[in-house]
Amino acid sequence: MNKFGKGDHMKVIMQFAGGYKNLILLGRVLAGISAIIALVPYYLLWKIIKIATEGGPAEDIVPIAWQTVGLVLLSLLVYIVALLCTHLAAFRVQANMRSSLMNKIIKLPLGVFDDEGSGRIRRIVNDSTAATETYIAHNLADKTVAAVTPIGLLVLIFAFDWRIGLFCLIPALLGFLCLMGMMGKKMQEKMTEYQTALGVMTSEATEYIRGIPVVKTFGQTVHSFKRFKKTIDDYGKWTIEYTISLRKTMVAYMTCINSVFLFLVIAAYIFIGPDVMPQAKDILNFMYYIIVAPLVTITLTKIAYSGEAEMTLIDAVNRVQGILDMEPLDECLTGKEPADNSVELINVSYRYTGASNDAVKNVSAKIAQGEHVAFVGPSGSGKTTICQLIARFFDVREGEIKIGGVNVKDIRGDKLMEQISFVFQDSRLLKTSILENVRLSKPEASRDEVMEALKKAQCMDIIEKLPKGVDTIIGEKGTYLSGGEQQRITIARAVLKDAPILILDEATAFADPDNEAKVQAAFNEMSKGKTMIMIAHRLSTVVNADRIFVTDKGEIVEEGNHNDLCAKGGLYKRMFDEYSRSIEWKVGA
């Protein structure tokens, strides 16, 4: 991920602004003008106080008062126009940024969403771009005001009595030093840590919510999702420690910026003295500084908030740029056509980004056309990664994968997707009709073709109970499907696609017995004449496979059919015995 220095993030924003970048510049100029206009009424206020303390005629105050009101309204109007400019530019920047992100994301390998976490990517697309829009629309104008106001304040403070003005600046300078202690590179790093902690927690929350059906099915608690609980605990610990670390500095800052009246009292004691009758000029100046001095506090507060907003922006731009810097898979424009539906892995190795060990290590396997095979093994043994590599969710680091004798890197992406159907354990249905959900795999399919796919996927009992049949919209008026029913609709997609290679990733993991039987029937129907690769924890689902590959620590350690592997007495035999005992225990319980 690129790390932008000061000012670099604005260059990136200007690139996304396109023809609207002039509106950003105009907005900042107008915000600066509004800040200057807003300071002029304080000079007019001094004139009003002067007339009042010197006993001048009241009618002289009226025109000055109206001038003051007019300038305040003018300042407000100019600032509103400035915000209009920055808002228009901000909406354009956010739209362009999101479009660029989505155009990039659809070109990225599918494995990125597992590696990075869909929750984290969603948060970057939504929240990071929203933070950019907020900064440009609101904070950029405030930052300009915060930068221009101190210059005008210095003129106002020193113009009438420079000695009192210096006393007003003492708490401001002390507060500024405290403020600097909470800013800078270290604070930017803390902001990045904060946003990362939020991103991790969001990603884990997304995964937890997706797994709620499992939690409810097995009567478990949040503690069963240790990673999610750990991210909450870590985030809470981090925020508490960070807040405590800034406690003294923040208290000092707030004390300094709010002690301006104390310093005015000290100035009055020094320059007038307790035994001297103050003159009209002294009263005028002190009344003026009592009104103007709080502006210093307000200005420092704006600087603090604009600094925090800018750090949030830098972090957001860095995260957006991190997605944009990701490299898509090399696309072969003149791809080769596979000769058949066989699959071959030759000395394949793969390691996830940031991992210390290979997830898949020197794996070789041949799967003949029409063969039904299964990958089984302990959690984290690499079986899912192997199947994802076959579908080219990632590119192998070493070795090669061939489909029909052709390296998957030499097959065009759309052609490769035509070759493979992938049924995941966590099925996804969109909030649209059953018909359109199934048709996603083949948009040009007719209604009759969709219905035939639903029949083969054992879905007709689902369709018959829905109020509008196949035209029922998922989620409409409380219409929802169980996990097993959703899985069968997902299988209908794969049936409709009719790809020659079928990969099933734990497709019956959370189905109830009735749905599992129907899902298995659907698999038997759709797998006829196809090369089928299964990933399974329920070993009862793989006993009829032509061959079973047993994986452990990223390697294939055993290979054969169910009877052969049981006869060997190796890892598969131990896993199958443990699985059988667990089934017996559940029945006995």
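Biologist: Which residues form a nonpolar patch on the surface?
Modeller: A patch is made of residues with over 30% relative accessible area and no salt bridge, where like charges are joined within 9 Å and nonpolar side chains (Val, Leu, Ile, Met, Phe, Trp, Tyr) within 5 Å. Accessible areas come from the Shrake-Rupley method with a 1.4 Å probe, and for residues only the protein chains shown count as cover. Here the patch consists of Val62, Trp66, Val69, Leu73, Leu76 and Ile80, with about 620 Å² of accessible area together. Tryptophan 66 belongs to helix H3 (residues 61-105). Helices (H or I, at least four residues) and strands (E, at least two) are DSSP runs, numbered from the N terminus.

Biologist: On what kind of model do these values rest, and how are residues numbered?
Modeller: This is a predicted model, in which local features need pLDDT of at least 70 and side-chain atom pairs count only at pLDDT 80 or more, while totals for chains, interfaces and linings use all residues. Residues are numbered from 1 along each chain as its sequence is written, and side-chain values use heavy atoms, with hydrogens and water left out.

Biologist: Is tryptophan 66 buried or exposed?
Modeller: Buried means under 20% relative accessible area, exposed over 50%, and partly exposed in between (1.4 Å probe, protein chains only). Tryptophan 66 has 62% relative accessibility and therefore counts as exposed. Of the 589 residues of the chain, 47% count as buried.

Biologist: How many helices and strands does the chain have?
Modeller: The chain has 22 helices and 10 strands. Helix H14 (residues 383-390) has seven of its eight residues buried, so the rest of the structure largely encloses it. Among these buried residues are Lys383, Cys387 and Gln388.

Biologist: What follows H14?
Modeller: H14 is followed by arginine 392, whose phi is positive, near 60 degrees, although arginine 392 is not a glycine. Arginine 392 sits in the loop between H14 and strand E4 (398-403), and at 8% relative accessibility it counts as buried. Glutamine 458 also has a positive phi of about 60 degrees without being a glycine. Its place is the loop between helix H17 (447-456) and helix H18 (460-465), and glutamine 458 counts as partly exposed at 30% relative accessibility.

Biologist: How many residues does the largest nonpolar core have?
Modeller: A nonpolar core is a set of buried Ala, Val, Leu, Ile, Met, Phe, Trp, Tyr and Cys residues joined through side-chain atoms within 4.5 Å. The largest one here has 46 residues, and those with the most contacts inside it are Ile434, Leu454, Ile489, Val542 and Tyr572. Helix H19 (residues 483-497) supplies the largest share of this core, six residues. A second, separate core has 31 residues, including Ile390 and Ile501.

Biologist: Which residues does threonine 551 contact?
Modeller: Contact means heavy atoms within 4.5 Å. Leaving aside neighbours within four places in sequence, threonine 551 is in contact with residues including Phe375, Pro378, Ile386 and Leu571. Threonine 551 lies in strand E9 (residues 547-552) and is buried, with a relative accessible area of 0%. A polar contact is a pair of N or O atoms within 3.5 Å; within protein, one must be able to donate a hydrogen and the other to accept it, and residues adjacent in sequence count only if both atoms are side-chain atoms. The side chains of threonine 551 and serine 381 make such a contact at 2.8 Å.

Biologist: How many salt bridges does the structure hold?
Modeller: Side chains of opposite charge can pair when their charged atoms come close. A salt bridge is a side-chain nitrogen of Lys or Arg within 4 Å of a carboxyl oxygen of Asp or Glu. The structure holds 14 of them. In one, the side chains of arginine 488 and aspartate 461 meet at 2.8 Å, N to O. Arginine 488 lies in helix H19 and aspartate 461 in helix H18, so the pair ties together parts that are 27 residues apart in sequence. Arginine 488 is buried at 1% relative accessibility, whereas aspartate 461 is partly exposed at 31% relative accessible area.
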